[in-house]
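Take a brisk look at what lies inside this chain.

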Amino acid sequence: MKKWQKPHKHTIHIGMIMGLGGLPLSDFLAAFNTRYPEARFTLEHHLSKELCHMLTEGQLDFAIFAAPQNIHSYPFEILPIQQEPFLALLPPLHPSASTNYFDLTLAKKEKFIFPTPENVSYDILLKACEDAGFKPDIVSYCSGAANRIDLVKAGLGISIVSESALRYHRTEDLVIRPLKNPVYKHTIMARLQTTMPSSYKEAFWKHIQQELS
């Protein structure tokens, strides 16, 4: 087995979450590589909380992830990328299936299928339920949206997932409703404030800024 080559001196290490919605990251990288053909990229996927840790420890140059609620406690410089709403997934015969939205304040007796605590979405949704006046009755934890969708189809309970997650999974047997009081997932790109970037990394940061503007 061949060993990994030594990283190129102009390699940019990027960590990201799965399912970036409509973000055309590949196009951004290709455009940058056209301007800087000697630049190289390494890309790896992790959950948002792990990406925060890796970025803090200097294992990544940049990270693209869902912002945790304590994002401002990290020593990061941040570029907002997108904001997307969370949506309720309901079985067809659910009482709210006949309405235009799902009122979380009326969901105290619901059985919930939640993301695992390692997910930023867990913290966001837990707080949303608490703000609605109750502690959710969580009957199952699933790390992936596909599993949560399957469990709703099986009748185990309801779930709340980000809008982008629904682009990759079949939901034709379910009812999808926006929340009456919207809750959002904020996707950002971050880098350490304290690290002196190379000219290539600084150029990449400015390139992403321009692409997002």
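## A buried arginine

Arg148 is buried, yet has no salt bridge; Glu118, the nearest side chain of opposite charge, is 9.9 Å away. Buried means under 20% relative accessible area, exposed over 50%, and partly exposed in between (1.4 Å probe, protein chains only). A salt bridge needs a side-chain nitrogen of Lys or Arg within 4 Å of a carboxyl oxygen of Asp or Glu. For charge, Lys and Arg count as positive and Asp and Glu as negative, while His and the chain ends are not counted.

This is a predicted model: local features need pLDDT of at least 70, side-chain atom pairs count only at pLDDT 80 or more, and totals for chains, interfaces and linings use all residues. Residues are numbered from 1 along each chain as its sequence is written, and side-chain values use heavy atoms, with hydrogens and water left out.

Arg148 sits in helix H4 (residues 145–153). Helices (H or I, at least four residues) and strands (E, at least two) are DSSP runs, numbered from the N terminus. Leaving aside neighbours within four places in sequence, Arg148 has contacts that include Ile113, Cys142 and Ser159. Contact means heavy atoms within 4.5 Å.

## Ser159

Ser159 belongs to strand S7 (residues 158–162). Because its relative accessibility is 0%, Ser159 counts as buried. The side chain of Ser159 reaches the backbone oxygen of Ile113 at 2.8 Å. Beyond four places in sequence, Ser159 also touches others, among them Leu87, Ala88 and Val152.

## Two cores

A nonpolar core is a set of buried Ala, Val, Leu, Ile, Met, Phe, Trp, Tyr and Cys residues joined through side-chain atoms within 4.5 Å. The largest has 34 residues; Ile14, Ile64, Phe65, Phe76, Met189 and Phe204 have the most contacts inside it. Its largest share, five residues, comes from H5. Apart from this core lies another, of 25 residues, including Ala88, Leu90, Val120 and Ile124. In soluble globular proteins, nonpolar side chains tend to be buried together.

Ile14 contacts residues such as Leu29, Phe41, Ile64 and Phe204, leaving aside neighbours within four places in sequence.

## Cysteines

How many disulfides are there? The count is zero, where a disulfide is a pair of cysteine sulfur atoms within 2.5 Å. For Cys142, the nearest cysteine sulfur is that of Cys129, 16 Å away.

| Cysteine | Relative accessibility | Class |
|---|---|---|
| Cys52 | 0% | buried |
| Cys142 | 9% | buried |

Technical notes
A polar contact is a pair of N or O atoms within 3.5 Å; within protein, one must be able to donate a hydrogen and the other to accept it, and residues adjacent in sequence count only if both atoms are side-chain atoms.
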